[in-house]
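Reader: I would like to go through some labels given to this model and hear the grounds for each.

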Amino acid sequence: MTKRGAAPGPSGTTRTARTAGATVTRDSAGDAGSPGTAGAAGIAGTSGTSGASGMELRQLRTFEAVVGTGSVTEAAVRLGLAPSSVSQAVRTLEQSLGVELFERLPRGMRLTPAGERLLVWSRRLLEQAEQARREVVDAGRQRTAVRLGALESIAAAIVPGILERLAARRPELAVDVTSQADRSALLASVAAGELDAALVLDAGDSLGGLGFPLPSGTDLEFLDLEPVPLMLVAAPGHRHATADRLAPADLRGERLLVNVSSACSFALAADRLCGPGVERVHAGSVAVMRAWARRGMGIALLPSFAVADEVASGALAALPLRTPTLHLRLIWPPSRATHPPTRALLYAASG
């Protein structure tokens, strides 16, 4: 959550806040963010003349440096100033408040009760000034964002790598990721301009080649990023687990675990692979199908990235049936092709 400080006034105007009986004067053209000598908060104040009741952020930084080092000389070294300038700034601050802030001792400076109280307020005011500077700088950078949608089945496994490449290429670019279980809703969001791009699984040389419908009246562009191999998996003790080779006809009588949605990418691929002679059992998500297959409740056609570890460990067996390979496709409307954040996403995704 972003902490919000006081908003600066119009350029060239002076804003005054009354604090604990003192008047703190802040010049919006200088104190809130102009460059200069680094102080305790990393911002320099203006060099204007203090009136009888005025304080400057520069004076507060000098005051804090003296408190932190315990001496005028060491504070001067920290601030890169002459000791006489530090002494003058402290004296001017004391005069403007009408109180002594330090006891001058042979071995350094010690805060008076008034100085102790000012230290509390000084830290608050300098923190607010730094906060205001950060917000103004962030606003000036005009941060941009790109909206990316992804099917739930690939959001966890593939999207993080794309975001890492995008962050390396464009660290200032924010990405809003929307995960969807319903491909139709995802495509509709892209077509309506609610998303700049989306990741889907598909097959063939044209969009929708796997067999899912596209939004009517919409021309979407796409880029194939990488192949997504599928694996037919079963429990280790399955009757076909030790076979050398299987054909689709060998699966007759099997129970094929599929998503509840018949439009699921893996269900569509299974329809092409197995045909109608295999009983479908509606299990649910990829995680549910994988868990049920491990318990011997059926076989499942799943992406290799979701089951490779369990096949390697022996928790699942990969059945020796030649399976299709899907494409990970990034889709976007033609109107977004020239949108700089979307183009950055395209380059990062394809990298």
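**Grounds for the labels**

Author: In this predicted model, L257 has A300 as its bridge partner in strand 12.

Reader: How do you know that strand 10 and strand 12 are paired?

Author: Pairing requires at least two bridges. Strand 10 and strand 12 (residues 299–303) are joined by 2 bridges, so the pair meets the requirement of at least two. The two strands run parallel.

Reader: Which strand is joined to strand 10 by 4 bridges?

Author: Strand 11 (residues 279–282) is joined by 4 bridges to strand 10 (residues 255–258), and the two run parallel. Within strand 11, V281 stands opposite L257.

Reader: What makes helix 1 roughly perpendicular to helix 3?

Author: The axes of helix 1 (residues 57–69) and helix 3 (residues 83–97) cross at roughly 110° and come within 9 Å. Angles of 65 to 115 degrees count as roughly perpendicular, so the label applies to helix 1 and helix 3. The contact involves Q59, L60, T62, F63 and V66 of helix 1, with V86, A89, V90, T92 and L93 on helix 3. Helix 1 passes helix 3 in a left-handed crossing.

Reader: Why is C264 called buried?

Author: Buried means under 20% relative accessible area. C264 has 13% relative accessibility and therefore counts as buried. C274, at 10% relative accessibility, counts as buried because this value is also under 20%.

Reader: How many disulfides does the structure hold?

Author: The structure holds 0 disulfides. A disulfide here would need a pair of cysteine sulfur atoms within 2.5 Å.

Terms used: Residues numbered from 1 in each chain as written. Predicted model: local features only at pLDDT ≥ 70, side-chain atom pairs only at ≥ 80, totals over all residues. Heavy atoms only, no water. Buried < 20%, exposed > 50% of the residue type's maximum accessible area, 1.4 Å probe, protein only. Axes fitted to C-alpha atoms, helices over the stretch in contact; angles between N-to-C directions. Parallel < 35°, antiparallel > 145°, perpendicular 65-115°, else oblique. Left-handed = near helix turned anticlockwise from the far one by under 90°. Contact = heavy atoms within 4.5 Å.
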